[in-house]
Amino acid sequence: MSASSSIQALEYLQGLPLQTHRKLYEAPSTVLAVFRCMLPHLAKSIVMAMLYMPSALPAADLEAWFKPSARREREQALSILDRLHILTSKREDDRSLSYSLSQGFQRSLRQAIEGSGTHRTFGVPATKAERREEKLGIDFLDQHARTQWEGILFFMVSGAAGFAPGSVKMDVGPGTKQLLHKGDLVRTVHETPKITKEGFTFVLQETNAQVWNLLIVYLRMGHELGMSETEVLSFLFMLGSLELGQDYSTSTLSDTQLQMLDDLSAMGIVYRSSKDSRTFYPTRLATTLTSDSGALPGTDISTNEKTDSKAQNKGFIIVETNYRLYAYTNSLIQIAILSLFTKLQHRFPNLVSGKLTKESVHRAVQSGITSAQIISYLTTYAHPQMQKSNPPLPPTVMDQIRLWEYEGERVEVTTGYLMREFGSEVEYRDVQGYAEALGVLVWKNDAERCFFVSHVEQISAYLKKKKEGRGGR
Amino acid sequence: MVKAIRGTLVKCDASIKAMLVDIDSKNNNEYIIEELDEEHILVKETKINQLKARLNEASCCMMKTHLKEPESSDSDS
């Protein structure tokens with residue numbers, strides 16, 4: 001789960017230039033967060049093994065750590081480390097390649113682990129004088145986070161679900177609205193927010209992934225507004241390392257970060273009692289940013305909640321083999337999401353019933369929901385009674401949803417690059433093998449000596465390196 | 001020298017491919033960069049959404065010529 005949620009963050013991070021990475025790695029909290037939640041396990045092992053090495057590690061030695069059959073895994077781990085500029089490679093005088101951790105990263109990770117240094121990047125707890133009032137409970141923070149976040153989700157789906165604007169109370173600030181538009185998650189048509197393809201995907205994601213998704217939009221927008229990427233990112237990573245229920249002082253924050261505090265509290269990621277309060281509380285949305293535990297302000301939070309929350313409704317959908325669907329819920333968000341791909345017919349105080357029809361699924365597919373998403377949503381929230389059977393959904397229904405999708409959408413598209421005109425069969429085989437090892441190969445045609453890759457940067461780096469290696473010989 | 005061409009790879013059935021090629025030829029070949037094999041074509045990245053929309057239009061027209069299949073019954077209530 002955590003893998004899927006941090007993947008967008010990882011992709012964003014990879015796209016940053018070297019200078020930004022250098023600056024980011026000055027903060028131990030950032031380094032720890034990147035290490036903890038961005039790196040795949042193998043890359044973590046490599047970093048750990050090299051952390052206290054006094055000198056550079058020859059490439060031959062590094063390769064000796066891996067079985068020859070694990071070339072693919074090794075290349076993937078090394079390529080991520082390389083793209084994040086954590087690992088630097090250098091050619092020694094005798095032309096052999098050697099690796100070392102980049103200086104800043106190594107120093108900061110050591111500090112983070114040892115707790116040394118005076119960097120204060122893990123947040124400064126507020127003093128009594130700054131607090132001025134009673135400390136807030138975790139319950140209250142969770143409540144705040146959920147209200148704000150569900151407000152955002154509801155704002156997004158309300159248009160599609162046919163609620164008139166203003167008919168239900170939505171507490172979404174203008175800043176957040178702008179953010180959603182900027183990320184192309186909603187578009188306003190005739191004064192009503194209309195959800196887009198990306199928005200659908202967004203709504204069906206788990207909360208942690210949603211938070212990252214929105215924060216990345218925020219990062220991009222912040223860049224346009226002249227906010228420093230480094231400051232925004234390191235603040236986010238710092239939030240991830242804070243403790244829930246503890247209040248922190250704003251005195252060490254920069255102007256950019258103070259500005260961010262306002263925006264983030266509108267989304268429910270942090271809480272401030274008032275705009276000029278000198279303390280802030282991270283909510284669960286913030287503290288789970290860089291951890292594996294569920295960020296759903298519902299799963300573990302609302303055990304003691306009585307209002308309509310997601311957790312309480314965990315497992316509330318019954319689907320019958322005749323495509324009828326019953327959902328024991330009174331949450332408007334749930335109903336709105338269901339209505340995206342179901343033809344809802346009746347609503348009772350604690351139950352809605354409807355039917356999965358060809359039209360309703362087609363409509364969903366056309367607006368960008370995939371059958372896989374529908375099925376996974378229905379499976380995740382299947383009623384405990386249905387969870388007893390395996391698979392929880394009737395197979396006929398699942399197949400039919402897939403078939404309906406196939407009728408509506410008959411092409412599969414991937415953007416990327418077509419590589420061709422290789423000098424020799426050997427070169428073609430070699431580069432194609434490399435692409436496959438990286439996991440970017442989408443399609444190949446051996447007869448024509450061409451193949452299609454989803455990412456080209458590393459392939460071209462590889463080709464360049466090869467050329468240099470040959471030229472030097 | 002190795003060449004990299006930017007574009008969108010479209011994977012589809014041979015029948016759909018025929019339709020796509022047809023749409024392309026009727027529109028001054030403004031969509032397709034190259035036909036790669038039976039089930040793959042390379043399309044200009046900027047035009048892919050437009051092409052998809054045209055494909056939907058075309059397949060809708062074809063559907064209408066066939067008998068409309070009975071709708072899923074909503075007789076229950």
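B:Asn29 is found in the loop between α1 and β2 of chain B. This is a predicted model. Phi of B:Asn29 is near 50 degrees, which is positive although the residue is not glycine. B:Asn29 counts as exposed because it has 10 C-beta neighbours inside 10 Å, and the cut-off for exposed is 12 or fewer.

B:Asn28 lies in the loop between α1 (14-26) and β2 (32-37) of chain B. Its phi is positive too, near 55 degrees. B:Asn28 has 7 C-beta neighbours inside 10 Å, so it counts as exposed.

| Residue | Angle | Value |
|---|---|---|
| B:Asn28 | phi | near 55 degrees |
| B:Asn29 | phi | near 50 degrees |
| A:Asp184 | phi | near 60 degrees |
| A:Asn390 and A:Pro391 | omega | about -5 degrees |

A:Pro391 sits in the loop between α19 (384-387) and α20 (395-408) of chain A.

A:Asp184, with its positive phi, follows helix α10 of chain A. That helix spans residues 174-182, and A:Thr176, A:Leu179 and A:Leu180 are buried in it. These three lie on the same side of α10(A), because they cover an arc of only 95 degrees around the axis. A:Pro174 and A:Gln178 are exposed on the other side of α10(A). An α-helix has 3.6 residues a turn, so residues three or four places apart point the same way.

Next, the sheet in chain A. Four strands form an open sheet in the order β9-β10-β12-β11, with antiparallel pairing. Its edge strands are β9 (317-319) and β11 (343-348), each pairing on one side only. From one strand to the next, the twist averages 20 degrees. β11(A) pairs with β12 (residues 351-355) of chain A over five bridges, in the antiparallel sense. A:Leu344 has A:Gly354 in β12(A) as its bridge partner.

Now the interface. Contacts link 21 residues of chain A with 23 residues of chain B. On the chain A side, β13 (412-420) and β14 (441-445) are the elements that give two or more residues. β13(A) supplies the largest share, nine residues. The chain A side divides into 11 nonpolar, five polar and five charged residues.

Strand pairing also crosses between the chains. β13(A) and β1 (residues 3-11) of chain B run antiparallel and are joined by nine bridges. Within this pairing, A:Thr415 stands opposite B:Thr8 in β1(B). Strands of a sheet pair through backbone hydrogen bonds, either parallel or antiparallel.

Methods
Residues are numbered from 1 along each chain as its sequence is written. Chains are lettered from A and ligands numbered from 1 in the order in which they are written. This is a predicted model: local features need pLDDT of at least 70, side-chain atom pairs count only at pLDDT 80 or more; totals for chains, interfaces and linings use all residues. Two strands pair if DSSP finds at least two bridges between them. Axes are lines fitted to C-alpha atoms, for helices over the stretch in contact, and angles run from 0 to 180 degrees between N-to-C directions. Two residues are in contact if their C-beta atoms, placed from the backbone, lie within 7 Å. Ala, Val, Leu, Ile, Met, Phe, Trp, Tyr, Cys and Pro count as nonpolar, Asp, Glu, Lys and Arg as charged, and the others, Gly among them, as polar. A residue is buried if 20 or more other C-beta atoms lie within 10 Å of its own, exposed if 12 or fewer, and partly exposed in between; C-beta atoms are placed from the backbone. The arc is that of the directions from the helix axis to the C-beta atoms.
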